[in-house]
Amino acid sequence: MQQINSFSLTPMNDAIAEKTIEDHKYLLEHVENRCAIAYFAAANRNLSLYSALQKYFNEQQDNQDFQSDRKTPEEEFGSMAYLETTF
Amino acid sequence: MSIVMYPDLKHRREFVHDCWTIAKACENDELKLAISRDPYFYLEREDLLVLLKTRDNRMITHILETECMLLLQDDISYKLVHIKHAQVDKNQMTPIKLTDFLSVLVANKRESKFDNESQIIFSDKYILKFLDFHFKFAIPEEVIKIFILARRFRLSLLFI
């Protein structure tokens, strides 16, 4: 928490904030750390860090949506069509 | 925190409250303490119940010492404001007192309110122990009123 608080207190621009989020990716695995970064960024008025975190999660969300949208040929065209195209 | 700076964080109180819910669920003491010091921090009766269920006495003491705000949503909360002789601010909030915790304790004796055979979570013995632990915040007159309001006459006699 001290680490998160200290880097949220550091003045930074958007580029540095994105790099900071990238460097501390390992922290973002835990929900409590994500929450702590969002909270300390907001409380310490670090807009760049808050926006960088938001951007990171939007990208993650987009990736997840893309992966869930991608269907296997079997799901997309039906099992018979899949067999016909494969064999 | 300014609205201009965080245009998408208009509901600042809800944001801080959500952070609290996560911090409490993860039982991260440092984060809980940091959030509880936020000027936009508030709790609901449900949050008090969670604190009591998890026996988080350290945090309860901190909340009582710092007089965090309680969001009034139920009728009972307004009755408690009268008992506490407190004031309600423009956001429908009032400082949390031991009376609020006691009210939640007596209102949630069992796991399920509507099942008389469900497990007792806050027994009379526990409530008295809780009162003993936080005695410096207790106002006996208010405590008795809470017990009588909840029709817990045996408990009020035990307390006396």
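In β3(B), Pro95(B) is the bridge partner of Met69(B). The model is a predicted one, in which local features need pLDDT of at least 70, side-chain atom pairs count only at pLDDT 80 or more, and totals for chains, interfaces and linings use all residues. Residues are numbered from 1 along each chain as its sequence is written, while chains are lettered from A and ligands numbered from 1 in the order in which they are written.

**Sheet of chain B**

Strand β2 (residues 69-71) of chain B is joined to β3(B) by three bridges, and the two run antiparallel. Helices (H or I, at least four residues) and strands (E, at least two) are DSSP runs, numbered from the N terminus. Three strands of chain B form an open sheet in the order β1-β2-β3, with mixed pairing; two strands pair if DSSP finds at least two bridges between them. Because β1 (42-43) and β3 (93-95) of chain B stand at the edges, each with a single partner strand, one side of each is left without a neighbour in the sheet.

Two helix pairs are summarised below. Axes are lines fitted to C-alpha atoms, for helices over the stretch in contact, and angles run from 0 to 180 degrees between N-to-C directions.

| Helix pair | Axes come within | Crossing angle |
|---|---|---|
| α5 (residues 75-84) and α8 (residues 140-149) of chain B | 10 Å | roughly 150 degrees |
| α3 (residues 45-53) and α6 (residues 98-107) of chain B | 9 Å | roughly 75 degrees |

The contact of α5(B) with α8(B) is made by Lys79(B), Ile83(B) and Lys84(B) of α5(B) and by Glu142(B), Lys145(B), Ile146(B) and Leu149(B) of α8(B); two residues are in contact if their C-beta atoms, placed from the backbone, lie within 7 Å. By class, this contact has three nonpolar, no polar and four charged residues. Ala, Val, Leu, Ile, Met, Phe, Trp, Tyr, Cys and Pro count as nonpolar, Asp, Glu, Lys and Arg as charged, and the others, Gly among them, as polar.

**Contact between the chains**

Chain B gives 14 residues to the contact and chain A gives 11 residues. On the side of chain B that touches chain A, α1 (12-26) and α2 (29-36) of chain B are the elements that give two or more residues, and α1(B) supplies the largest share, five residues. This side of chain B has 11 nonpolar, one polar and two charged residues.
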